[in-house]
Amino acid sequence: MLEDLTTAAFSATAWPTAYPQGYAVVDVETTGLARDDRIISAAVYRVDARGEVEDHWYTTVNPERDPGPVWIHGLTSEALEGAPLFQDIAEEFTARLTGRVLVAHNAVFDWQMIAREYARAEREAPVRQRLCTIALSKELGLPLPNHKLESLAAHFGVVQQRAHHALDDARVLAEAFRPSLRAAAAHNLRLPLHECRPLTEWSDRPATPRIGQQAGYGGYRPTSWRPSRKRPACPYPNPGRYEPGGRLKQGMRVAFSGDTSTERELLEDRATEAGLHVATSLSRLTSLLVTNDPDSGTSKVVKARQFGTPVVDEAAFGQLLADVEPASEG
């Protein structure tokens, strides 16, 4: 486990030449977690190669639909009605992101939300790499009770003022990212960088009412989206089935069935980044099936019963992802 570094110890450390030259620490608040949900506020803290803050920027965004869980983010329809549309702030957002690694807490989520908004605006998101601070904290071996932003903040003595407010969450993350980056540099750790490939097409159909409109006047619900990427092969061997009550282990084959509250692509990316093998079908080699409706009678659920494959729901799977056992060496 890596210990916190003193300033003196850090100053004596040569900075890894392979590290990026700048970062954009980002937080977005959204109308929900599904693929048709929209960004309602965004904040960016630009930081330099060593994690020092250069500037920050914040905006609300009119999602052209109901704002979703107001009790979480505090942004009402009235507050957002006069806000700019995403296409109106896209140029400024682009200026903040260009040439930098996108840093976020659970970066897959923020990246995909941003990529979709750019695709809707018929633009390309200017992000080529992302870094997840959850993954970085795991690489550092930080003694955190869980992977919530508040736990990471508390570890580094950063005080949260307005949780789930994009500007304050981005500030907190930027302040926690700086010592994390320096700890990684001091030990010459490889940063957990992931490639980002923008969405290349998007289609909408009328769905949820826009802010200030009645039902039936149209909103946005994507009917298809296809990121131009291929999921990488899992580098770990399959250690076998998941044992109920135990931990997931890198290399386990995980399949999904039915609707999920968090979009399927996001869940699959989380599983892949944790070192799991995402399977598109279910076989006797499948370690675990994730479904919120075990009585649905889908082919995967039926096969899981036949093969004796363990089944968990989405919430349980999320908890398991927070503590995945490393693959065996050798």
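The model is predicted: local features need pLDDT of at least 70, side-chain atom pairs count only at pLDDT 80 or more, and totals for chains, interfaces and linings use all residues. Residues are numbered from 1 along each chain as its sequence is written, and side-chain values use heavy atoms, leaving out hydrogens and water.

Start with strand β4 (residues 101–104). Strands (E, at least two residues) and helices (H or I, at least four) are DSSP runs, numbered from the N terminus. V101 and V103 point one way from β4, L102 and A104 the other way, and all are buried. Buried means under 20% relative accessible area, with a 1.4 Å probe and protein chains only.

From β4 the chain crosses through helix α5 (residues 107–120) to β5. This β-α-β crossover is right-handed: with the strands pointing away from the viewer, the path from the first strand over the helix to the second runs clockwise.

Now the rings. Rings of Phe, Tyr and Trp (its six-membered ring) pair if their centres lie within 6.5 Å; planes over 60 degrees apart count as edge-to-face. The count is 7 aromatic pairs. Y23 and F177 form an edge-to-face pair, 5.0 Å centre to centre with 70 degrees between the planes. Y23 lies in strand β1 (residues 22–30) and F177 in helix α8 (residues 166–186), 154 residues apart. Y23 is buried at 0%, and F177 is buried at 1%.

How values were computed
Phe/Tyr/Trp six-rings, centres within 6.5 Å; stacked < 30°, edge-to-face > 60°. Buried < 20%, exposed > 50% of the residue type's maximum accessible area, 1.4 Å probe, protein only.
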